[in-house]
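Student: Hi! Could you walk me through this one while I have it open on my screen?
Tutor: Happy to, let's bring it up.
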Amino acid sequence: MNQDFLTPIKDSVVAHLVLQSSLCLGKKIRFHSSQEGFPDLQNVKIAIFGVQEDRNSENNFGCGDQLEFIRRKLYQLFPGNWETEIADLGNVLKGNSVKDTYFAVQEIITDLLKTNIIPIIIGGGQDITYINYRAYDVLEQTVNITAVDSRFDIGNLDDELTSQSYLSKIIMQEPNNLFNYCNVGYQTYFNSQEEIALLESLNFDAYRLGKAKELENIEPAFRNADIVSIDLGSVRQSEAPANNNASPNGFYGEEICAISRYAGLSDKVSSFGIYEYNSKYDNNHQTANLVAQMIWYFIEGVNYRVKDYPFSGRENYQKFTVLLENDDPLVFYKSNKSGRWWMEINILSDNKYKRHALIPCTYRDYTEATNQIIPEKWYKAMRKLV
């Protein structure tokens, strides 16, 4: 990959690591330092890198600075019983223009995806989500995005790309490889009724904060995602103050960590971003601590992937057929490995959306189907698939 786009982590982080236990996570990560140079990525499964681009972040200038605070907190944590090799590639600095930064970030993510390395992107505005999405163009496949955010960030198509208008660019600009978008944790008063209606008309998924706090409801949203994007503004201000758009309401720290673990556990998630960290509002490095723990939980999830999607063999699943009144049967599968559930939609084998024909769901969806209540996610998928 092109190493010229990445600068080493600060020497102060390396010096801080010397004082830590020999068993801490930082002693097991391969990192890009001025002394050691760029790390060998052979057998690496997860690669962390920072983005110091804030020029298109709405009302949060300074996000992406001082990412070493996150690294210090992350490196001093102790790993779980992990086998996954992790690398820290350093940071992408601001380019002469925002487009220069975007180009560098897209190239890095594309290179990592080609080698089956999962990028963890930290810092910068959430507009980087659009660049992350564009990096998948080279894979020539449709993509699902799950965003944890109090806002939809739709904006207007005529707007410049910003942290609060990136979704309209994803929806409208060619090539259009988006199959499904899901918002987790939106707060109604931050979104117009027209925007809420638009997402519904596009058959996208959205979970209000109150519903999303019942975490079992939202686990399938991460199991169905290729890209997971977290805006720190989705976390309540008392838990994560390092964001100028922080709000009194949002997820608690343990909830956003559980969400990060869900993202890691998903066999489908191939990139993970945490955006809008602004160190100048970070009291006692509290938010840096939380972001470090979110990254820890994501890595924990990746280490415990059970590879039960897509099918690893029909013998590893229990099949349940629900007979519906005046309709075709609805088929569910339950994994013997993880106990997770899927719904199947019958489509032609040559349909380009075949990889989306298994819809992650919950046991509750199955029990409701047995009572002749067809899950809304089934209807939405059907409208897009057939």
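Student: Which residues of α2 are buried?
Tutor: In this predicted model, the buried residues of α2 are Glu68, Phe69, Ile70, Arg71, Lys73, Leu74 and Tyr75. Seven of the eight residues of α2 are buried, so the helix is largely enclosed by the rest of the structure.

Student: And what do those buried residues pack against?
Tutor: They pack against α1, the strands β1, β2 (44–51), β3 and β4 (118–122), and also α10 (286–303).

Student: Let's take α1 then. How do α1 and α2 sit relative to each other, parallel or antiparallel?
Tutor: The axes of α1 (residues 11–18) and α2 (residues 68–75) come within 10 Å and cross at roughly 20°. That makes α1 roughly parallel to α2, because angles under 35 degrees count that way. The crossing of the two helices is right-handed.

Student: Which residues in α1 and α2 meet there?
Tutor: From α1 you have Ser12, Val13, His16 and Leu17, and they meet Glu68, Arg71, Arg72 and Tyr75 of α2. By type, the residues of this contact divide into three nonpolar, two polar and three charged.

Student: You mentioned α10. What angle does α9 make with α10?
Tutor: Helix α9 (residues 253–265) packs on α10 at about 30°, and their axes are 6 Å apart. α9 passes α10 in a right-handed crossing.

Student: What kinds of residues make up the contact of α9 with α10?
Tutor: Nine are nonpolar, five polar and two charged. On the α9 side, the residues include Ile256, Cys257, Arg261 and Leu265. On the α10 side, Leu290, Met294, Tyr297 and Phe298 are among them.

Student: Okay, switching to the sheet. In what order do the strands run?
Tutor: Nine strands form an open sheet, ordered β1-β3-β2-β4-β9-β8-β5-β6-β7, and the pairing is parallel. The edge strands are β1 (30–31) and β7 (205–208), each of which pairs on one side only.

Student: How many bridges join β1 to β3?
Tutor: Two bridges, in the parallel sense, with β3 covering residues 85–92.

Student: Which strands does α8 lie across?
Tutor: Helix α8 (residues 215–223) lies across β5 (143–148), β6 (178–186), β7 and β8 (227–231). Against β6, α8 runs at about 150°.

Student: Is Glu140 buried or exposed?
Tutor: Exposed, because its relative accessibility is 72% and the cut-off is over 50%.

Student: What is the phi of Gln372?
Tutor: Phi of Gln372 is near 70°, again a positive value in a residue other than glycine. Gln372 lies in the loop between α11 (363–370) and α12 (376–385). With a relative accessible area of 32%, Gln372 is partly exposed.

Key: Residues numbered from 1 in each chain as written. Predicted model: local features only at pLDDT ≥ 70, side-chain atom pairs only at ≥ 80, totals over all residues. Heavy atoms only, no water. Pairing = 2+ DSSP bridges. Helix = DSSP H or I, 4+ residues; strand = E, 2+ residues; numbered from the N terminus. Contact = heavy atoms within 4.5 Å. Axes fitted to C-alpha atoms, helices over the stretch in contact; angles between N-to-C directions. Buried < 20%, exposed > 50% of the residue type's maximum accessible area, 1.4 Å probe, protein only. Parallel < 35°, antiparallel > 145°, perpendicular 65-115°, else oblique. Left-handed = near helix turned anticlockwise from the far one by under 90°. Nonpolar A, V, L, I, M, F, W, Y, C, P; charged D, E, K, R; others polar.
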